[in-house]
Amino acid sequence: MIPSVLPTYSRAPLSFITGEGSWLIEEDGRRFLDLGAGIAVNALGHANPALVAALTEQAGKLWHTSNLYHIPQQQALADKLVALSFADTVFFTNSGTESCELAVKMARKHFYDKDQPERIEIITFSGSFHGRSSAGIAAAGSEKMTKGFGPLLPGFKHVEFGGHEALTDAISPTTAAILIEPVQGEGGIRTVPDQCLKGLRDLCDQHDILLIFDEVQCGVGRTGKLFAHEWAGITPDIMMVAKGIGGGFPLGAVLATENAASGMKPGTHGSTYGGNPLGCAVGNAVIDIIADPDFLAEVNRKAGLLRQKLEALVGSHPDIFDSVRGSGLMLGIKCKVTNSDVVTAGYAQQVITVPAADNVIRLLPPLNITDDEIAEAISRLDHAASSITPA
Ligand SMILES: *Cc1c(COP(=O)(O)O)cnc(C)c1O
């Protein structure tokens, strides 16, 4: 008999009823150190007082009106994001994959309105993840996500991650955009080197095509800059955001330059919930905290500390772990044993990590994790590794 919850996930035998900062607590009181943060969503930890206050204050006033009217919280958040980034304009969504939908539509409409309607194709990369909507799975293109769901949305060309020549060859007169995660999340914490991001920017400029960054996982302070691409000193034309920006409340956004967004006029796109007062009240509180340079400096300091301790951990378990990778507090450990066995061994030590492709476990802790919690995390991961029999 099919379960009452559609069985699209194989879930861990864990169930949490409260959260406090970097901790998740089961009904029986067992406390788990959360290095997954709901897959990089709870950027400021669980039950963060500033976010609880923002949400409950708004909840007592007004939940929803629709985008038929002005929404002051949405206006404020858009103004902040424009001031803090390359973008001139923002559209709010409820999730990452909805941001993907708009990014694709916006790129195509841009060229349609420039009398280049043949430019519809978007180049994407192996191992990428852009969500589970029809555009999202077609964009990523992996068999795992697309098999059985055809016909797929046409107009995506997939090239090998890191394949410079294949990428140049893939560009044609029908290319509209290149879409890439500056740091692949689901793909196994694979960082695109700054040099390559710069190269992508140059390539897009040469061919007059749009550069779209998917910062749904790597954005909003995760890598130690507000947005990951800032490390490379270049900017995209369009950027997808979600996960961390809502701190746990479902909120996403598409940021764009005026030029890239030029085709999006009244009536061309919409969302009933996108940017509603509750989501934007929380989003404003999240951005106020994370965009503070002192906060980001702390993220970088803690990232250095965690990375250094992880390198030592990997060194002391050479049969279990291979190497550390990633950027800021978006870190991965490539495993020599099956990654899901390491995640399960972590559960026994009450520490939560998240598996990713390429046999990697992901560490995506709350950005305000404390130094003591970092030390505790290493101790628990050390015990977990010791409990595993090498292959
Ligand atoms: C999670 C994720 C998405 C999809 O976000 P949803 O909110 O699950 O739709 C898209 N892109 C990247 C890089 C992600 O990590």
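Analyst: The centres of domain 1 and domain 2, taken over C-alpha atoms, are 27 Å apart. In the contact (heavy atoms within 4.5 Å), 20 residues come from domain 1 and 21 residues from domain 2. The model is predicted: local features need pLDDT of at least 70 and side-chain atom pairs count only at pLDDT 80 or more, while totals for chains, interfaces and linings use all residues. Residues are numbered from 1 along each chain as its sequence is written, and side-chain values use heavy atoms, with hydrogens and water left out.

Domain 1 is made of two stretches, 16-34 and 294-386, and domain 2 covers 50-290; these bounds come from an automatic or database domain assignment. Between them the domains bury about 1600 Å², and 59% of this is on carbon and sulfur atoms. Buried area is the accessible area (1.4 Å probe) that two parts lose on being put together, summed over both. On the side of domain 1, Leu296, Met330 and Arg362 supply 37% of the area buried against domain 2, more than any other three residues.

The count of salt bridges between domain 1 and domain 2 is one. A salt bridge here is a side-chain nitrogen of Lys or Arg within 4 Å of a carboxyl oxygen of Asp or Glu. Arg362 also makes a salt bridge with Glu186, at 2.8 Å from N to O.

The whole structure has 19 salt bridges. One of them joins the side chains of Lys80 and Asp288, at 3.0 Å from N to O. Lys80 is in helix 3 and Asp288 in helix 9, so the pair links distant parts of the chain, 208 residues apart. Helices (H or I, at least four residues) and strands (E, at least two) are DSSP runs, numbered from the N terminus. Lys80 is partly exposed at 22% relative accessible area, and Asp288 is partly exposed at 46%. Buried means under 20% relative accessible area, exposed means over 50%, and partly exposed lies in between (1.4 Å probe, protein chains only).

Helix 3 spans residues 72-84, with 13 residues, and reaches 18 Å from its first C-alpha to its last, close to the 18 Å expected at 1.5 Å a residue. The expected span is 1.5 Å times one less than the number of residues. Its buried residues are Gln73, Gln74, Leu77, Ala78 and Leu81. Seen down the axis, the buried residues of helix 3 fall within an arc of 130 degrees, so they line one face of the helix. That arc is taken from the directions from the helix axis to the C-beta atoms. Pro72 and Ala83, on the other side of helix 3, are exposed. The buried residues of helix 3 are covered by elements including helix 2 (49-59), strand 4 (89-93), strand 12 (252-256) and helix 9 (277-290).

Another salt bridge joins Asp113 and Lys109, at 3.2 Å from N to O. The two are four residues apart in helix 4 (residues 96-113), so about one helical turn separates them. Glu121 and Lys157 form a salt bridge too, with closest N and O atoms 3.5 Å apart. This pair links strand 5 (residues 121-125) to strand 6 (residues 156-159), 36 residues apart. Glu121 is buried at 15% relative accessible area, whereas Lys157 is partly exposed at 28%. Finally, Glu298, Arg301, Lys302 and Asp371 are linked in a network of salt bridges.
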